[in-house]
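Have the 3D view open as you read.

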2 protein chains.
Amino acid sequence: MKLSDVATPALILDRARLEANIARMAQRFEGTGVRLRPHLKTAKSAEVARLATVGQFGGITVSTLAEARYFAGHGFADITYAVGLVPAKVAALAELMATGIALTVLTDNAAAARAIADEAARCGILLPVLIEIDSGAHRAGVVPDGSELPEIAKVLDGSEGTSVAGVLTHAGHAYHCDGIEGIKRIAEDERRAVVDAAARLAEAGIPCPTVSAGSTPTAVHGESVEGLTEFRPGVYMFFDLDQAGIGACAPHDIAVSVLASVIGHQTEHGRVNIDAGSLALSQDASANEFFGETGYGWVMDAAGGARIGKLHVEGVNQEHGMVTGPGGVPFGDLPVGAKIRVLPNHACITAAAYDKYFVIDSSGDANKVVAEWDRVNGW
Amino acid sequence: MKLSDVATPALILDRARLEANIARMAQRFEGTGVRLRPHLKTAKSAEVARLATVGQFGGITVSTLAEARYFAGHGFADITYAVGLVPAKVAALAELMATGIALTVLTDNAAAARAIADEAARCGILLPVLIEIDSGAHRAGVVPDGSELPEIAKVLDGSEGTSVAGVLTHAGHAYHCDGIEGIKRIAEDERRAVVDAAARLAEAGIPCPTVSAGSTPTAVHGESVEGLTEFRPGVYMFFDLDQAGIGACAPHDIAVSVLASVIGHQTEHGRVNIDAGSLALSQDASANEFFGETGYGWVMDAAGGARIGKLHVEGVNQEHGMVTGPGGVPFGDLPVGAKIRVLPNHACITAAAYDKYFVIDSSGDANKVVAEWDRVNGW
């Protein structure tokens with residue numbers, strides 16, 4: 001199958017770029033003693049997970065129960081479910097654990113820890129629970145030096161249904177950094193937050209086997225991993241315009257794109273319309289924080305993946321994308337039916353609209369679809 | 001099954017509100033001679049389509065080829081595919097037409113019309129094509145009084161593979177209106193644009209059987225339908241905060257919501273976190289144009305669907321929603337595991353993250369799931 005024959009809109013994954021991104025991240029942690037536990041919330045694909053765990057210890061991170069089930073079904077046996085757990089999901093996890101899967105979950109709340117422990121005991125499992133630490137993103141987690149950390153640890157450690165698996169943080173604020181020096185500082189805050197939290201647990205006599213940090217920008221630019229046991233970046237496999245804006249990659253590292261067709265000309269308004277809108281691209285506009293002329297994504301030629309002028313998707317409706325650029329639109333090169341590719345602002349969100357990847361390999365004939373890989377969406 | 005037992009996040013549809021919304025729209029067009037061709041791009045559900053076509057002529061509107069195939073497979077035999085067509089999709093449409101489905105498509109480009117006609121002739125079909133008219137939204141379409149309209153009509157009329165089905169417009173700019181008087185003006189522009197276009201085609205001796213307008217706000221508030229043959233509103237079945245903001249409905253008419261669980265407390269930051277984030281709610285923030293304290297949706301109690309204070313989803317990450325409100329968060333009422341429902345900004349976009357509805361009926365026991373209805377996503 002040729003890329004030019006794929007019905008649009010469609011999600012395209014360049015295996016050459018994917019493998020290069022994965023190799024670069026593996027190299028980054030080689031010899032550090034820190035285990036790479038890739039986050040599969042971006043890729044949601046067993047084929048990608050296999051590539052991302054080559055040469056690693058095999059553990060992965062997921063963000064939904066649907067991912068946990070899917071990856072367990074594809075032979076991944078060590079899974080961290082890294083979103084605050086609700087007690088109502090313990091029974092489903094117990095079913096997975098009964099099939100031989102090592103599952104680790106997350107909480108940042110003592111009352112929830114107690115309810116999770118009770119439910120785990122009722123289900124007859126011993127559930128390892130990580131305590132989420134806030135390293136400055138202020139999204140979730142407890143501070144390393146507050147009263148909640150030892151309180152949660154004591155609940156988990158003292159209950160029949162749970163054990164303290166360790167501590168975990170995600171420096172989400174690294175996504176809004178102004179430059180690489182800023183990322184380095186946040187990476188150090190991220191590291192220190194979990195290392196300090198682990199030390200406090202040790203002082204309280206509670207073992208803390210896992211000290212887990214992880215975001216793609218801090219993985220790429222952090223200077224020290226001392227005291228960490230694992231790292232959980234995810235979007236590095238694909239990268240996106242937001243990561244390019246932060247400085248975590250170059251635009252030509254971006255492995256994922258949306259194939260779209262021109263569906264109309266608005267010559268008077270200096271625009272072509274494409275069949276990729278809010279649903280096919282998402283409404284994520286994150287990279288506009290860093291780049292001009294970005295909108296909902298950069299417009300690249302379908303074959304080689306080079307940007308066409310400074311064309312970008314200026315606006316989106318449900319099934320319409322409006323493409324324009326500061327130098328005008330080359331209408332003659334973009335008749336109705338012509339195909340382009342759009343680089344997304346945020347790969348995790350854009351990819352979630354699709355149930356599969358059309359895989360190409362830009363190191364060979366980039367117009368050849370070399371594989372189709374499935375994805376697991378939903379919850 | 002009880003609503004309180006549904007795993008979160010999940011898409012909830014209130015059949016009582018759905019049926020009331022559908023009945024109100026049907027009444028609006030009763031006796032006008034204008035046929036209601038509901039747009040199924042929001043609901044993407046055969047069960048909803050059946051309710052929306054009760055007492056109507058049975059035709060529907062769709063926005064993707066996947067919807068066309070799905071609804072054809074569920075017995076809907078008169079389908080308008082109302083997004084500018086690329087010639088590459090004609091062969092797939094020919095396959096559908098061979099099963100007895102009456103399909104009508106859309107273009108606003110003479111070169112595309114020619115390519116569509118050639119491809120249709122090659123496939124051995126006669127494809128009825130609507131010409132898209134720009135009634136002021138400036139998204140797509142040709143102006144009623146320009147040279148492109150007769151040019152496209154002549155191509156379609158003069159080709160073996162196509163016929164002129166008529167003219168179609170969508171007043172998308174009605175979504176950004178400041179008040180009902182504004183919507184009335186736009187409704188009149190919308191009507192006049194297609195009626196004028198139809199008159200021009202008649203003058204040129206080209207029959208124009210269909211004169212199609214349609215958006216939910218203009219359907220609700222427009223004062224005249226003279227000269228129109230059909231109307232294609234869609235989101236009225238569910239409504240959403242954006243439509244409430246425009247004045248097309250009241251918040252208590254909104255039939256669709258996202259069931260979510262509290263997954264953490266950030267007491268210091270005055271927030272609870274829920275397990276509905278960018279993917280479960282979408283990043284659509286449209287209703288903030290009209291309402292304060294809206295963010296990514298209003299937070300309602302799970303059982304009765306009444307708003308909790310002025311709580312709303314202030315921020316979203318992939319699987320996290322951050323809930324706050326001007327009067328603070330009642331943490332005691334919202335322990336980890338507690339369920340709430342979120343009213344969406346834009347039903348069409350939020351619903352697309354789910355492959356099914358859990359249907360409840362608020363005219364009876366609102367905690368009872370009375371049905372599960374599937375949806376067709378993707379392309």
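A residue is called buried here if 20 or more other C-beta atoms lie within 10 Å of its own. Please keep in mind that this is a predicted model.

## Starting point: A:Ala110

Is A:Ala110 buried or exposed? With 22 C-beta neighbours inside 10 Å, A:Ala110 counts as buried. You will find A:Ala110 in helix H5 of chain A.

Which residues does A:Ala110 touch, once its neighbours within four places in sequence are left aside? They are A:Glu148, A:Glu151, A:Ile152 and A:Val155. As for A:Glu151, 41 residues of sequence separate A:Ala110 from A:Glu151, yet their C-alpha atoms are 6.6 Å apart in space.

## Helix H5 and its two partners

H5(A) packs with helix H6 (residues 148–157) of chain A at an angle of about 10 degrees, and the axes are 9 Å apart. Angles under 35 degrees count as roughly parallel, and H5(A) and H6(A) are therefore roughly parallel to each other. From H5(A), the contact uses A:Ala110, A:Ala113, A:Arg114 and A:Ala117; from H6(A), it uses A:Glu148, A:Glu151, A:Ile152, A:Val155 and A:Leu156. By class, the residues of this contact are six nonpolar, no polar and three charged.

H5(A), which spans residues 110–123, also meets helix H4 (residues 90–97) of chain A. Here the axes come within 9 Å and cross at roughly 45 degrees, so H4(A) and H5(A) are oblique to each other. The crossing of H4(A) past H5(A) is right-handed. On the H4(A) side you can pick out A:Val90, A:Ala91 and A:Ala94, which meet A:Ile116, A:Glu119, A:Ala120 and A:Cys123 in H5(A). This contact of H4(A) with H5(A) holds six nonpolar residues, no polar ones and one charged one.

## The parallel sheet of chain A

Eight strands of chain A make an open sheet with parallel pairing, in the order S2-S9-S8-S7-S6-S5-S4-S3. Strand S2 (35–36) and strand S3 (60–62) stand at the edges with a single partner strand each, so one side of each has no neighbour in the sheet. Helix H7 (residues 180–203) of chain A packs on the sheet and touches strand S7 (162–168) and strand S8 (210–213). The direction of H7(A) makes about 160 degrees with that of S8(A).

For a closer look at one pairing, take strand S4 (residues 78–81) and strand S5 (residues 102–107) of chain A, which run parallel and are joined by three bridges. Within this pair, A:Thr80 stands opposite A:Thr104 in S5(A).

How many residues of strand S10 (residues 256–266) of chain A are buried? Eleven of the eleven are, so S10(A) is largely enclosed by the rest of the structure.

S10(A) pairs in the antiparallel sense with strand S1 (residues 10–14) of chain A over four bridges, and there A:Ile12 has A:Ser257 as its bridge partner. Strand S15 (residues 339–343) of chain A also pairs with S10(A) over four bridges, again antiparallel; in this pair A:Val258 stands opposite A:Val342. Strand S11 (residues 271–274) of chain A runs antiparallel to S10(A) too, joined by four bridges, with A:Val262 opposite A:Ile274. S10(A) and S11(A) form a hairpin with four residues between them, and A:Gly270 in the turn has a positive phi of about 65 degrees.

## Where the chains meet

In the contact between the chains, 47 residues of chain A touch 47 residues of chain B. H5, S10, helix H10 (278–281) and helix H11 (347–351) of chain A each supply at least two residues of the side that touches chain B. S10(A) gives the most, with five residues. That side of chain A divides into 20 nonpolar, 20 polar and seven charged residues.

## A helix of chain B

In helix H3 (residues 65–73) of chain B, the residues B:Glu67, B:Ala68, B:Tyr70, B:Phe71 and B:Ala72 are buried. Their cover includes helix H2 (46–53), strand S3 (60–62), strand S4 (78–81), helix H4 (90–97) and strand S5 (102–107) of chain B. After H3(B) comes B:Gly75, which has a positive phi near 95 degrees.

Technical notes:
Residues numbered from 1 in each chain as written. Chains lettered and ligands numbered in written order. Predicted model: local features only at pLDDT ≥ 70, side-chain atom pairs only at ≥ 80, totals over all residues. Buried ≥ 20, exposed ≤ 12 C-beta atoms within 10 Å, placed from the backbone. Pairing = 2+ DSSP bridges. Axes fitted to C-alpha atoms, helices over the stretch in contact; angles between N-to-C directions. Parallel < 35°, antiparallel > 145°, perpendicular 65-115°, else oblique. Left-handed = near helix turned anticlockwise from the far one by under 90°. Contact = placed C-beta atoms within 7 Å. Nonpolar A, V, L, I, M, F, W, Y, C, P; charged D, E, K, R; others polar.
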